[in-house]
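Here are my notes for someone opening this model for the first time. Have a look at the picture, then go through the points in order.

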Amino acid sequence: MSRPPSEIAFLTRALNDPDPSGRSQLVAEYESVLARTFNAPSAVALNSGSAALEASATALGARPGTSIVVSAAAPLPTLMPLIATGADLVFVDCLPDSPGMDPDDLDRQLAGRSDIPAAVEVALWGYPLPQQSKVLDVLEARGIPLIEDASHAHGARVDGRNVGTLGTVGCFSTHRMKLLSTGEGGFALTADPALAEKIRHYARIANLDGVSLGRNFKPSAFTAAIGLARLGSLHAVVDARRQRAQELLSLVPAGLSRQINFVGEPNYYNVVVLVDDLRRTERLHAALNDAGITTDPVRFRYKPGTDHPITQKWARQCANARHLATAAVQLPVDPGRNAGETADLVACAWERS
Ligand SMILES: *Cc1c(COP(=O)(O)O)cnc(C)c1O
């Protein structure tokens, strides 16, 4: 397969770079183009989305003895880097039919606590979250910063603003399955230059200051090179995705047209439809997986964040997260997949369910 010339050109620059490490000029360049593309004051390039979440939470003060508030709909890749900080988790139930936190439950869970350095939201499947401004109000009243895990949400927008720039810091993955792919990689966006410096410090083994703990979370020049080559086409990738999503939604059976609650413009990382008859949902998942459409419960063991053995000590009843995780069916919108063929497979699976 022939590669776009810009990918070859940027990779050649990385190969010829006398310092292709995280200190490469290409990494600095990638960061400034990331900031410009997402309209954020600062970007810190990292070697994964997990690194972005761990570094951001740590930079905001997460450590043993503190607790991070997180939506009960959050998947394992969101939760694990938070657990790695040593902080405890406080699960907040999500809204009906959206992975966004319910502001009332958030308020209840925060009552009387002063050990919370950050809250984490995740615009799962690329749908911007309803009631985000209410959630921000509840957090701001208590001085708690919001981390957005925007790993699914490159290019999703609300009122002209990018998901990942709505809170204090936005964390993105550029793993090969995400809408911006560098194979492995990630980055963090923030409007707070001091916070960007703290994230950078942690990700650079704390500059060996011997005082604070750090990790090596730097990306190499090769990661930055691929990112630079592909960032320019992100908008086109997202536009194509939106178009294919609308086509798919117009072709799937009427019973599968109920989407999750969202605001603004999703990037349609997935099209997610809800099937409230949960026995039928289970059969639909099975039939889709037989047809080669691997949905999240099979592919990623997706379930409510409260339901994993590693989160048991923080578990509480979160009925909306449970219903969402069970009723949601993730349909693929990949380039190269014909919407008509996908819709046919989905219609067959629906009939069999
Ligand atoms: C992919 C992903 C991550 C982790 O990113 P990596 O780059 O794989 O470490 C975190 N959160 C969500 C929601 C993701 O989809």
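This is a predicted model: local features need pLDDT of at least 70, side-chain atom pairs count only at pLDDT 80 or more; totals for chains, interfaces and linings use all residues.

1. The volume of the largest pocket comes to about 650 Å³.

2. Where does the lining of the largest pocket come from? Two helices, α9 (234-251) and α11 (296-299), each put in at least two residues. Of the elements, α9 has the largest share, with five residues. Both domains take part: domain 1 (5-231) and domain 2 (234-352) each give at least three residues to this lining.

3. Now for the second largest pocket, with a volume of about 450 Å³. Its lining has 24 residues, and nearest the centre you'll find Pro-77, Ser-151, His-152, Ser-173 and Lys-178. Two or more residues of that lining come from each of α3 (49-59) and α4 (76-84).

4. Which classes line the second largest pocket? The tally is eleven nonpolar, nine polar and four charged residues. Here again domain 1 (5-231) and domain 2 (234-352) each contribute at least three residues to the lining.

5. Let's step back to the domains themselves. The assignment gives domain 1 as 5-231 and domain 2 as 234-352. Their centres, taken over C-alpha atoms, are 24 Å apart. How many residues meet across the two domains? On the domain 1 side 44 residues are in contact, and on the domain 2 side 43.

6. As for the overall build, the protein has 13 helices and eleven strands. Its C-alpha trace spans about 60 × 60 × 35 Å along the principal axes. The radius of gyration is 20 Å, which agrees with the value near 20 Å that a compact globule of 353 residues would have.

7. What about the inside? Buried residues account for 56% of the 353 residues. Take the contacts between residues at least 6 apart in sequence: 68% of them join residues at least 24 apart.

8. The structure has one cavity of 30 Å³ or more, and the largest cavity holds about 60 Å³ of space. Its lining includes Gly-22, Val-27, Glu-31, Arg-200 and Lys-218. By class, that lining has six nonpolar residues, one polar and four charged.

9. Which element gives the most to the lining of the largest cavity? That would be β1, with three residues. At least two residues each come from α2 (25-38), β1 (42-46) and α7 (193-203).

Technical notes
Residues are numbered from 1 along each chain as its sequence is written. Side-chain values use heavy atoms; hydrogens and water are left out. On a 1 Å grid over the protein atoms alone, a cavity is a set of points where a 1.4 Å probe fits but cannot get out, and a pocket is an open set with protein on both sides within 12 Å along at least five of seven lines; lining residues have an atom within 4 Å of a point. Grid points are joined across faces, edges and corners, and a volume is the space filled by probe spheres set on the points. Helices (H or I, at least four residues) and strands (E, at least two) are DSSP runs, numbered from the N terminus. Domain bounds come from an automatic or database domain assignment. Ala, Val, Leu, Ile, Met, Phe, Trp, Tyr, Cys and Pro count as nonpolar, Asp, Glu, Lys and Arg as charged, and the others, Gly among them, as polar. The radius of gyration is taken over C-alpha atoms; the globule rule is 2.2 Å times the number of residues to the power 0.38. Buried means under 20% relative accessible area, exposed over 50%, partly exposed in between (1.4 Å probe, protein chains only). Contact means heavy atoms within 4.5 Å.
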